[in-house]
Amino acid sequence: MHTSTLIILLLGLMSLAYYFGRKRSLTLVGGKVRDLHSLPSYYGMQTAMWCGIPALILLAFWLSFEESVVTGMVVESLPQEVQNLPPERLDLVLNDVRNLSQGDIVSSTVDQTMQQAADHYTSLMSISHMALFVVALSVAILAGLWAQRTITREQRARNRVEKAINFFLLSSSTLAIFTTVGIVLSVLFESVRFFQQIPVTEFLFGLEWSPQTAIRPDQVGSSGVFGSVPLFAGTMLITLIAMIVAVPIGLMSAIYMAEYASKHFRTLAKPVLEVLAGIPTVVYGFFAALTVAPFFRDLGTDIGLTVSSESALAAGVVMGIMIIPFVSSLSDDVINAVPQAMRDGSYGLGATRSETIRNVIIPAALPGIVGGVLLAVSRAIGETMIVVMAAGLSANLTANPLEAVTTVTVQIVTLLVGDQEFDSAKTLAAFALALVLFVITLALNMIALHIVRKYREQYE
Amino acid sequence: MNNQQQQHKKTMDRVQKGLDRRYRQERHFKWLGLGAIMLGLVFVSFLFITIISNGYTAFQQTYVKLDVFYDPEMIAPIGETDPELLSRANYGGLIKASMRQMFPDVTNRREKKVLYGLISSGATYEIRDAVMNNPELIGTKQEVWVVADDDFDMLIKGHIDLRLPESDRRIKDNQLAWIHDLQEQDRVEKRFNTTFFTAGDSREPELSGIKGAAYGSFFTLLICLTLAFPVGVAAAVYLEEFAPKNRWTDIIEVNINNLAAVPSIVFGLLGLAVFINFFGLPRSVPLVGGLVLALMTLPTIIIASRAALKSVPPSIREAALGVGASPMQTITHHVVPLALPGMLTGTIIGMAQALGETAPLLMIGMVAFIVDVPGSVMDPSAVLPVQIYLWADSPERAFVERTSAAIMILLAFLISMNLLAVWLRKKFERRW
């Protein structure tokens, strides 16, 4: 029996409950709505909520514990020597049992006990599903019936329904907090485990990054070095190149849009420029790897320079193109926020437009522009797909933009994509990197938002 | 007097000179601004031109005409038409036989293998399906159009540089001669590439399509929308209409602004740690992808919805409260319906972002190679941007055009979503 069928049935029951609750409230007063405390539909809604919510909560709990309870029962039925296996071996056995029960072919030959366990598992699962079905539906029906019975004409149905809705609204707004807490906890726990194996100082100040760890303890020469400095240097190099591309172009186009462009030109050019912000980053990555990187490499060969085919330059330039619209739209906002009186004053003294812009508007808008640039920097630091597709993999401590460097996000992706075990320093390192990334971008954002907000207040 | 006049003239000269300089600067500055915008526009057009010129050929596919003799010896040796047996017959052999017949002078074993390589391995299944659907074909000889191999296809589309020395090309000289023969006999044709829209991923470029990824994207966005929209709107309503101004709501506000700027890959790690490692949900499924993307788009939706709620004038609230509506009734009957277009616009833009998002999905294992088209939110699947990433990594030249074509499809979706948002805003925009 599918869970979705159950949910659809519950929804159907809820609409029935709504109908009966509403009807009962009306029959109680003989159709004279005025005698009821609330409108009839509120009685209906109240009944529907009683019918649906407890059953859905039960469903959620049941589904989250079903697997572990059933697995426990299957383990008990297994022979003693299997039960005494170390936990990770036992997990493998259980996995085989699960696959077998779903009819998937397992690589090893199927023996009698495994088949029995799989059958046991299947039957327990189907019993559990049936039980869930019966229990959830009866809870829904009983709670709905009870709610419908207890409707009286003085019952404050509207207030109760509104309280429930209010609770939903409140809990929705706290979800953002839970997300942040979830991010911090999930990244922090794994990072702590990483720092138990690798000292924090080595991670933060080590100059060498080579996360290859030995799979067997007796293997030679691959102990793994986790110094993150080259990664952050690479990230900074690419970010710097991106900013060198994005800031002048973005700022100048914002100035032109705000001060020179005719209305017609503005309505035409602005959305086209903003298309750059809407293009998925994987497209930029493809563009960088397919077109820009070979272009730079060929250009380098023509003038006698060796440019790596995964140069920091290509990734940085393409990232800069991606960031242009952020810089330009943020600067556009702050430039437009500069009051007209300041421009008029400057024109009145005989300054030309460009002089006004350079000497009056830019200084006045500077905090806002700086805030916008900081936001763009944090975006560049956290950007993943462009660097994954266009930057290198080997950690390389260099300031030469023609060489390949690697970045923090590239390493997170390469460490976590593919087969992984969650207790090796190699995979845990990704979480430590993510923690630092999170902290850095968060700090940059806080500073940027603070600057932008503080500046805005001056003219309001 | 004369002296004074001279002085005056000197000053005027200097001012004039300075003016020239200043006007020049003014012009330069203006050109600089215009140049910056033009550069931006050049980037946009260059990007689109690159993608389209690389990708438009993927909508066509080369087909080869073969004279296939449905040899009863090979398909149904004892006149058996049992579907079980029919489905396992040697259809590859039929194609090989027909190729041998066309090029009788190819006898070398290795050359034969190269010759058979001109036809895609998918052709076997085409022939099988034809026989399965119509067993009466057995024993007859038919002209059949089958899919050509990707290298053949690339050559026909002119993507293989024939000026290179033979050892540097994927298509060798003997293959060229055969293809030339086939063309002479009018056996080669380019047709609209339906496979691209009806198939899932494949290792063979000519058999790969975007249907699986498109379905995966659809399911992922469905989960994302059903979670993020109600929760986002509810959070916005609470913060804008009910929340008391205190420390707690301040924290929530700052939090939402910060979440909007957290790098997307960090959300992927959250999904990996919480949904996959803690709750034990399977990898690579749209359900987990949708959950992660929902958490990511939530701040966008909340911020847009709050702006929409803010723009509803207080007089409407006061009027509703004045005729005796409860605060909740005021919100649900009057304020939210009026703010809904704005909320929808924000949601569509958030969904468009989610549609193009790749990095967090890599973290939850959506990079697996999946051939089947997913049927539900619990089936392993790829999504469009991840499909693009995977194809971009493939070494075959033919995948370059598929990647570009998939990008074109993705961009078409994104642009139409954004246009929808603009249209909604235009249609429902109200000045109070």
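How many residues does the contact take from chain A and from chain B? The answer is 76 residues from chain A and 74 residues from chain B, where contact means heavy atoms within 4.5 Å. Before going further, note that this is a predicted model, in which local features need pLDDT of at least 70, side-chain atom pairs count only at pLDDT 80 or more, and totals for chains, interfaces and linings use all residues. Residues are numbered from 1 along each chain as its sequence is written, chains are lettered from A and ligands numbered from 1 in the order in which they are written, and side-chain values use heavy atoms, with hydrogens and water left out.

Let us stay with the two chains for a moment. The size of an interface is often given as the accessible area lost when the parts come together. Here, chain A and chain B bury about 6500 Å² between them, and 79% of that is on carbon and sulfur atoms. Buried area is the accessible area, found with a 1.4 Å probe, that two parts lose on being put together, summed over both.

Side chains of opposite charge can pair when their charged atoms come close. The rule for a salt bridge asks for a side-chain nitrogen of Lys or Arg within 4 Å of a carboxyl oxygen of Asp or Glu. Across the interface of chain A and chain B, that rule finds 1 salt bridge. Its partners are B:Arg22 and A:Glu355, whose closest N and O atoms are 2.8 Å apart. There are also 10 residue pairs in polar contact between chain A and chain B, with both residues at pLDDT 80 or more. A polar contact is a pair of N or O atoms within 3.5 Å; within protein, one must be able to donate a hydrogen and the other to accept it, and residues adjacent in sequence count only if both atoms are side-chain atoms.

Which helix gives the largest share of the side of chain A that touches chain B? Helix 6 of chain A (residues 157–197) does, with 18 residues. Helices (H or I, at least four residues) and strands (E, at least two) are DSSP runs, numbered from the N terminus. By class, this side of chain A has 50 nonpolar, 20 polar and 6 charged residues. In that count, Ala, Val, Leu, Ile, Met, Phe, Trp, Tyr, Cys and Pro are nonpolar, Asp, Glu, Lys and Arg are charged, and the others, Gly among them, are polar.

Helix 6 of chain A also holds a pair of its own: A:Arg158 and A:Glu162 lie in this helix, 4 residues apart, about one turn of the helix. Their side chains meet in a salt bridge, with 3.5 Å from N to O. Over all chains, the structure holds 18 salt bridges.

Now look inside chain A. Its domain assignment gives domain 1 (3–155), domain 2 (159–196) and domain 3 (225–459); such bounds come from an automatic or database domain assignment. The C-alpha centres of domain 1 and domain 2 of chain A lie 25 Å apart. Their contact takes 6 residues from domain 1 of chain A and 6 residues from domain 2 of chain A. Together these two domains of chain A bury about 490 Å², 69% of it on carbon and sulfur atoms. A:Tyr42, A:Gln46 and A:Met49 supply 64% of the area that domain 1 buries against domain 2 in chain A, more than any other three residues. Between these domains of chain A the count is 0 salt bridges.

Chain B has its own division, with domain 1 (59–192) and domain 2 (211–428). In chain B, the C-alpha centres of domain 1 and domain 2 lie 46 Å apart. Here 7 residues of domain 1 of chain B are in contact with 8 residues of domain 2 of chain B. The area buried between these domains of chain B is about 610 Å², and carbon and sulfur atoms give 59% of it. How many salt bridges are there between domain 1 and domain 2 of chain B? The count is 2 salt bridges. B:Arg402 forms a salt bridge with B:Asp153, the closest N and O atoms being 3.7 Å apart.
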